[in-house]
Structures are given as C-alpha cells and as structure tokens.
Amino acid sequence: MLIDTDVNVSWGMTLDGPDLYAAAQLLDESEQRRAAAIRNDHTQRRFVSAHAMLRILVAKQIDWQPEQLTFGVRSRYGKPELVYPPIRVHFNIATAGDRVVCAVTETGPVGVDVESHEVIAEADRAGGVEQVLLTPAEREVLHEFPDRASALTRWWVRKEAMLKASGEGLAIEPPTLEMSAPDETPQLLGWQGRPVPPVWISDLDVGPGYEAAVVVLT
Ligand SMILES: CC(C)(COP(=O)(O)OP(=O)(O)OC[C@H]1O[C@@H](n2cnc3c(N)ncnc32)[C@H](O)[C@@H]1OP(=O)(O)O)[C@@H](O)C(=O)NCCC(=O)NCCS
C-alpha cells in the first residue's frame, strides 16, 4: 500500500510452501545463515518472509533486482542499511506473531513496528508494561481506554517505530517519548532532553489483533 506520496508500506503473513521456497531464493548467504540458525520453524519462516519482502520492496523502489542487493550494518545500534548498490534509500522491517511489515522511502530514516494485543496483554498481566512504556501523563489517561491491551499496544508500536526510525531502538527508554493518545492522530508531542524532530507518523491496519505504525524522519 502507498500510504503517503513517498512511503511504501507492505504487510503480509508468514509464508509457507512454494511461496516460502520462492522467497528463500531471494536471500543472500548471510541472510540464509541467519535463517538457518533460527531453531523455531515459524520464526525461521517469518524471518525468510520478512527479508524477501524487504528485498522486493527496496528493489522496486530503486529499480534493481531483489537478489542483487547487499545489506549491512554500520550504525552503533544495529539498524541495517543498503550497502550495494550505493543508492540512498531508507527501509525498515518488523515482525510479530504471524505478521510481517516493511516500509521503504527515499524521504528520510524510517521505522516500522507491529505487535499483537495478546503479547502486550500477557506482558501487562505480568506487570510493568505501563512503567516501561508510558510517561506519567500518559499513564494518567490510560484508564480512559476501555480496551487497555489495544491502547497499550498502539502506544507501544508508535513509540517503537519512532525509536527504530531514529536507529536507536530500545536503547532509548520509551517513556522519554510523549506520544499522542491512542485514539488521537499519531503525533510526537515531546522527547525528554531533545527537541522534537520533524516526523511523519501513521498507524497501519494490519488486521485484527495487531497494531502497527510507521514513522519517517522528515
Ligand atoms: C530495533 C529493535 C527495537 C527491534 O526490536 P524487535 O521488536 O525485536 O524486532 P522488530 O521485529 O520490531 O524489528 C526487527 C528488525 O529491525 C531492524 N533493526 C535492527 N536494529 C535496528 C535499529 N537499531 N533501529 C531500527 N531497526 C533496527 C532489523 O531489520 C530487524 O530485523 P532482522 O533482525 O530480521 O534483520 C531492538 O533490536 C533494539 O532495540 N535494538 C537496538 C538496541 C541495541 O543496542 N541493540 C544492540 C545491537 S548492536
């Protein structure tokens, strides 16, 4: 789906059978090695699905062949970049449950995240999600949401997508970000110790039981 003039987002389910086989043919040696090291069958298939989707989307964006791309990591917190061909393109992938999401753009650094209500609800029952995710002001309005799990999950994916766009990931604590409430238009309202960067944020509909979001640093 083209969700904005220049951000391409794709989402899908973990592949199986002939589709999975075809996806695996697109991966390079390094990705195949990483896939082979994953013991859980579903997680391994999801990894292959995500990396094939990424190759297809990036290749389409830069008019190249999916199997001819080389990715690498040069940044401190591990955000992957396109190494070959030397074309400036931004991308990010996320996986959760049986969902795979990928975003590609030439506008600026992009982050995407997806999470299931079930996982966040379980973590919430165990305790501590509120504290690791929300600012004191956000925690004050949490009780207003009748579906606590979906509210927490939406806050979660918006914040994690923001931190994946910046490339720092969860090396930065999510409560340092002040995000608009889950029922409001997504907006970064504050960032403790930093000026709020110019960003474009959108929620993504990836089907029932999940929340997803994409953030582009403009
Ligand atoms: C980025 C991060 C939030 C991913 O969390 P997750 O919920 O496990 O995974 P997601 O499905 O959302 O995203 C995974 C993808 O994000 C990408 N990614 C990895 N590091 C990233 C980063 N720092 N910023 C943005 N994206 C990143 C990768 O493509 C990864 O997929 P892959 O492992 O199959 O290549 C987490 O790994 C993190 O916080 N990393 C940075 C913190 C750190 O210091 N890590 C040490 C590694 S050097």
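Helices here are DSSP runs of H or I with at least four residues, strands are runs of E with at least two, and both are numbered from the N terminus. The model I present is predicted: local features need pLDDT of at least 70, side-chain atom pairs count only at pLDDT 80 or more, and totals for chains, interfaces and linings use all residues. Residues are numbered from 1 along each chain as its sequence is written, and side-chain values use heavy atoms, with hydrogens and water left out.

Let me begin with the ligand. Its shell holds 19 residues, among which H51, Y77, K164, G167 and L170 are the closest; a residue is near if one of its heavy atoms lies within 4 Å. Helix 3 (41-62), strand 5 (90-96) and helix 7 (148-166) each contribute at least two residues to this shell, and strand 5 gives the largest share, four residues. Because domain 1 (2-107) and domain 2 (113-217) both give residues to the shell, the ligand lies between them; the domain bounds come from an automatic or database assignment.

Which polar contacts does the ligand make, taking pairs of N or O atoms within 3.5 Å? An oxygen atom of the ligand is 2.7 Å from a side-chain N or O atom of H51. A polar backbone atom of T95 is 2.9 Å from a ligand oxygen, and a polar side-chain atom of D113 lies 3.2 Å from a ligand oxygen. The protein covers 63% of the 900 Å² of accessible area that the ligand has on its own, by the Shrake-Rupley method with a 1.4 Å probe.

Two backbone features remain. Most residues other than glycine have a negative phi, and most peptide bonds are trans. D63, not a glycine, has a positive phi of about 60 degrees, and is placed in the loop between helix 3 and strand 3 (70-73). A cis peptide bond, with omega about 0 degrees, joins Y84 and P85; P85 is in the loop between strand 4 (80-84) and strand 5.

Technical notes: A polar contact is a pair of N or O atoms within 3.5 Å; within protein, one must be able to donate a hydrogen and the other to accept it, and residues adjacent in sequence count only if both atoms are side-chain atoms.
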